[in-house]
Amino acid sequence: IRAMDDEEEQFVLFELEDLTLNKSLDENLSYSITGLETDRPFLKLGETVFQGTWEHVLGSNLLFDTETGGGDEALRLGKHRCTIQKKVVFRRVLLKPKTQPDAVAHS
């Protein structure tokens with residue numbers, strides 16, 4: 001998350017619960033995130049919708065940049081990027097269209 005006025009950068013972990021995909025996620029799968037600045041953000045991953053809640057991270061969650069070293073694909077060198085202190089836990093939700101109240105008949 002990047003604040004425009006003071007250029008502060010904050011990294012947030014996204015945790016997906018109730019994800020019942022048996023295959024790995026396709027890197028070309030479309031996604032959108034809305035309401036990240038609210039208490040209950042939404043994530044749309046393909047056609048699946050998740051609603052999130054913010055939580056503080058227990059323990060240490062470290063993020064590392066990785067690069068391949070020396071041409072050996074199995075060797076990964078990691079450089080510490082940041083420590084993550086907050087996460088959004090997303091749970092799958094089913095959205096229903098809003099229903100209009102019955103119109104009152106005027107006589």
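**Figure 1. Overview of the predicted chain.** The protein chain has 5 strands and 0 helices, where helices (H or I, at least four residues) and strands (E, at least two) are DSSP runs numbered from the N terminus. This is a predicted model, in which local features need pLDDT of at least 70 and side-chain atom pairs count only at pLDDT 80 or more, while totals for chains, interfaces and linings use all residues. Residues are numbered from 1 along each chain as its sequence is written, and side-chain values use heavy atoms, with hydrogens and water left out. Read from the N terminus, the order of elements is β-β-β-β-β. The average pLDDT (the predictor's confidence in each residue, from 0 to 100) is 78 for the protein chain, with 71% of the residues scoring at least 70. Confidence is highest in strand 2, at a mean of 93, and lowest in strand 5, at 80. Of the 107 residues in the protein chain, 15% are buried; buried means under 20% relative accessible area, exposed means over 50%, and partly exposed lies in between (1.4 Å probe, protein chains only).

Figure 2. Phe90, with a relative accessibility of 0%, counts as buried.

**Figure 3. Close-up of the aromatic pair.** Searching the whole structure gives 1 aromatic pair, under the criterion that rings of Phe, Tyr and Trp (its six-membered ring) have centres within 6.5 Å, with planes under 30 degrees apart counted as stacked, over 60 as edge-to-face and the rest as tilted. The ring centres of Phe14 and Phe90 are 5.3 Å apart and the planes stand at 85°, so the pair is edge-to-face. The pair links distant parts of the chain, since Phe14 lies in strand 1 and Phe90 in strand 5, 76 residues apart. Phe14 counts as partly exposed at 33% relative accessibility.

**Figure 4. Close-up of the salt bridges.** The whole structure contains 2 salt bridges, each defined as a side-chain nitrogen of Lys or Arg within 4 Å of a carboxyl oxygen of Asp or Glu. In one of them, Lys87 pairs with Glu15, and the closest N and O atoms are 3.0 Å apart. Lys87 belongs to strand 5 (residues 72-93) and Glu15 to strand 1 (residues 12-16), so this pair ties together parts that are 72 residues apart in sequence. Lys87 counts as buried at 16% relative accessibility, whereas Glu15, at 27%, counts as partly exposed. A salt bridge also joins the side chains of Glu17 and Arg91 (3.0 Å, N to O). Glu17 lies in the loop between strand 1 and strand 2 and Arg91 in strand 5, so the pair ties together parts that are 74 residues apart in sequence. Glu17 is partly exposed at 27% relative accessibility, and Arg91 is partly exposed with a relative accessible area of 32%.

**Figure 5. Close-up of a nonpolar surface patch.** Phe14, Tyr31 and Ile33 make a nonpolar surface patch of about 300 Å², with accessible areas taken from the Shrake-Rupley method with a 1.4 Å probe and, for residues, only the protein chains shown counting as cover. Patches are made of residues with over 30% relative accessible area and no salt bridge, like charges being joined within 9 Å and nonpolar side chains (Val, Leu, Ile, Met, Phe, Trp, Tyr) within 5 Å. Tyr31 is placed in strand 2 (residues 31-34) and, at 60% relative accessibility, counts as exposed.
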